[in-house]
Structures are given as C-alpha cells and as structure tokens.
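Please keep the sequence and the 3D view open while reading.

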Amino acid sequence: MQRIRLRYTKRGRLRFTSHRDFQRAFERALRRAEVPMAYSAGFTPHPKVSYANAAPTGTGSEAEYLEIALTAPRDPETLRVLLDESLPAGLDVVEAVEARTPGLADRLTASVWELRLDGVDPVDAERAVRAFREAGTVEVQRLTKNGVRTFDARPAVAHLETHGSRADRPTDQPCAILRLVVRHVTPAVRPDDVLSGLRAVADLAPPVPAAVTRLAQGLFDEETGTVTDPLAPDREAAEALTASPVAAATAPVPEGSA
C-alpha cells in the first residue's frame with residue numbers, strides 16, 4: 001500500500017469552506033481523478049484519508065495537510081496535478097510526497113499565522129503586542145457547547161510581532177499586520193483567542209473582522225523559534241533512496257497513518 005502526503009491551501013472565498021465541506025469536495029476530486037484509493041473495512045467503507053489539524057472555518061491557509069492510502073502506486077507529482085485540477089480554485093493541492101517516514105501528525109506542533117487588521121493603526125497594534133508579550137497571563141473566554149470556558153492564552157503564543165502595514169489592495173485606511181507563532185496545545189488557542197487577548201490587555205478592537213491566514217505549520221524548534229516543514233523528512237528520505245538504488249528497491253513503505 002502506497003501512502004501519499006499532500007499540502008493544500010484554502011484561499012480567497014474558499015477560506016469559508018468548513019472542514020466537512022472540504023472533505024466532501026476532496027472525495028469527489030478523488031473519484032474524478034480516478035485515484036486507486038484504499039478503503040476501510042466494515043459495512044460502510046470509506047476512502048482511507050487522514051486529515052491533520054484543519055484550520056478553523058473562515059481562516060485562509062497555505063499549509064493544510066492530509067495523507068491518502070492507495071492500492072496501486074502513483075507518481076506523487078502526477079497525482080497532485082490531477083487532484084488540483086479536480087478541485088475548485090482556492091482549494092489548491094500544492095505539494096505531494098510519498099510517505100517515507102512515520103508520524104506526520106506528530107510533526108504539526110505549531111502554526112505560523114498572519115492577521116490583517118484593517119482600520120487599526122500600526123502604532124496601536126505595536127503597543128498592544130508589547131502589552132501581550134509582557135503579560136504573565138492573558139485570560140480569554142470562549143463559548144463552547146458546554147458553556148463559557150476561561151483559559152490562559154499566553155503560554156501557547158511563542159512569538160508575536162507587528163509585520164509592516166500593507167493591505168491586499170491600495171487604500172487610505174490604516175492597516176496593521178501581525179505575525180504570530182502559536183503552539184498546538186490543549187485547549188487549542190486560535191488566532192481569534194489571541195485577538196481577544198489583545199483586547200483584554202490593551203483594548204485593541206479592530207473595527208472589522210480580522211483577515212486570518214495560516215502561513216505554515218510544522219514542528220516547533222524551541223531553540224530557534226521557527227516552524228519546520230513537516231514534509232521535509234519524507235523528501236529527504238526519498239532523495240536518500242534515489243541515491244541508493246539497492247535501498248530504494250528494498251525499503252518498506254510505512255503503514256502508519258497521518
């Protein structure tokens with residue numbers, strides 16, 4: 001059984017696609033592309049697709065990941081092109097690698113986010129960011145199905161800074177850009193929780209909803225404060241096997257899911 005790992009995006013208006021909507025669209029794309037999918041056993045077999053840490057509905061993303069299991073080998077790049085052509089523009093499959101190492105989900109320990117705050121002066125944003133970083137705790141509230149939950153959002157935020165003052169289109173209105181690195185913890189801390197924290201510590205309240213995009217996700221390096229590419233180990237393993245024809249002919253494909 002061959003396993004392929006894919007990176008895909010949610011861009012433009014497709015950022016409002018829910019994870020369930022994407023699942024339906026992706027399974028239709030698998031059928032259109034005639035991908036030889038492996039299926040689960042039981043009374044209701046379904047294609048073996050492992051989704052990893054999907055972005056919240058309403059946020060854009062350049063770094064969503066999933067893994068599929070095939071019953072027949074396929075070239076990853078050819079498969080990527082076929083699936084990308086079978087999905088609507090905005091849900092774009094941008095990278096595909098054969099799974100050569102276990103534990104994709106274990107490598108997704110942090111995300112890099114960009115928040116565009118239209119109508120917010122960058123000076124005010126910098127003041128709020130500084131207050132957030134200096135705070136020992138930043139308590140925020142979130143409405144859940146079990147009621148309102150209060151938790152500290154500060155420990156999950158490994159990095160937070162202002163990042164210029166650009167906007168997607170020319171405008172006379174102020175616009176602040178924030179970049180943040182958020183660890184994947186329990187309970188999960190989302191970008192909107194960080195915005196709630198900025199409002200709590202510095203009364204920063206954007207006049208319109210923030211435009212949120214996940215730029216990357218992967219393994220968080222505590223020493224450098226960076227987020228590494230989760231597909232890099234698979235690419236490196238493939239390159240090593242290519243350099244060693246004997247190893248490539250005998251190396252087993254990992255059976256673990258994403």
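Predicted model: local features only at pLDDT ≥ 70, side-chain atom pairs only at ≥ 80, totals over all residues.

Residues are numbered from 1 along each chain as its sequence is written, and side-chain values use heavy atoms, with hydrogens and water left out.

**Nonpolar cores**

- The largest nonpolar core has 28 residues, and L115, L117, L160, L178 and L198 have the most contacts inside it.
- Two or more residues of this core come from each of β5 (110-118), α3, β8 (157-162), β9 (175-183) and α4.
- A second, separate core of 21 residues includes L6, V49, V93 and A96.
- A nonpolar core here is a set of buried Ala, Val, Leu, Ile, Met, Phe, Trp, Tyr and Cys residues joined through side-chain atoms within 4.5 Å.
- Buried means under 20% relative accessible area, exposed means over 50%, and partly exposed lies in between (1.4 Å probe, protein chains only).
- Helices (H or I, at least four residues) and strands (E, at least two) are DSSP runs, numbered from the N terminus.
- In soluble globular proteins, nonpolar side chains tend to be buried together.

**Residues L117 and P174**

- Not counting residues up to four places away in sequence, L117 touches P174, C175, A176, L178, L195, L204, P206 and A210, where contact means heavy atoms within 4.5 Å.
- P174 is in the loop between β8 and β9 and counts as partly exposed, at 33% relative accessibility.
- Leaving aside neighbours within four places in sequence, P174 is in contact with L117, D118, G119, V120 and D121.
- The C-alpha atoms of P174 and L117 are separated by 8.6 Å, although the two residues are 57 residues apart along the chain.

**Helices α3 and α4**

- The axes of α3 (residues 122-134) and α4 (residues 191-202) come within 9 Å and cross at roughly 95 degrees.
- Axes are lines fitted to C-alpha atoms, for helices over the stretch in contact, and angles run from 0 to 180 degrees between N-to-C directions.
- The two helices are therefore roughly perpendicular to each other, a label for angles of 65 to 115 degrees.
- R127, A128, V129, A131 and F132 in α3 meet V194, G197, L198, V201 and A202 in α4.
- By class, this contact has 8 nonpolar, 1 polar and 1 charged residues.
- For these classes, Ala, Val, Leu, Ile, Met, Phe, Trp, Tyr, Cys and Pro count as nonpolar, Asp, Glu, Lys and Arg as charged, and the others, Gly among them, as polar.
- E134 lies in α3 and counts as exposed, at 64% relative accessibility.

**Residue L66**

- L66 lies in strand β3 (residues 60-70) and counts as buried, at 0% relative accessibility.
- Not counting residues up to four places away in sequence, L66 touches I4, R5, L6, Y8, F22, F26, V49, S50 and Y51.

**Residue D92**

- D92 is found in the loop between α2 (76-86) and β4 (93-98) and is buried, with a relative accessible area of 16%.
- The D92 side chain makes a polar contact with the side chain of R11 at 3.0 Å and reaches the backbone nitrogen of G90 at 3.2 Å.
- A polar contact is a pair of N or O atoms within 3.5 Å; within protein, one must be able to donate a hydrogen and the other to accept it, and residues adjacent in sequence count only if both atoms are side-chain atoms.

Note on methods. Parallel < 35°, antiparallel > 145°, perpendicular 65-115°, else oblique.
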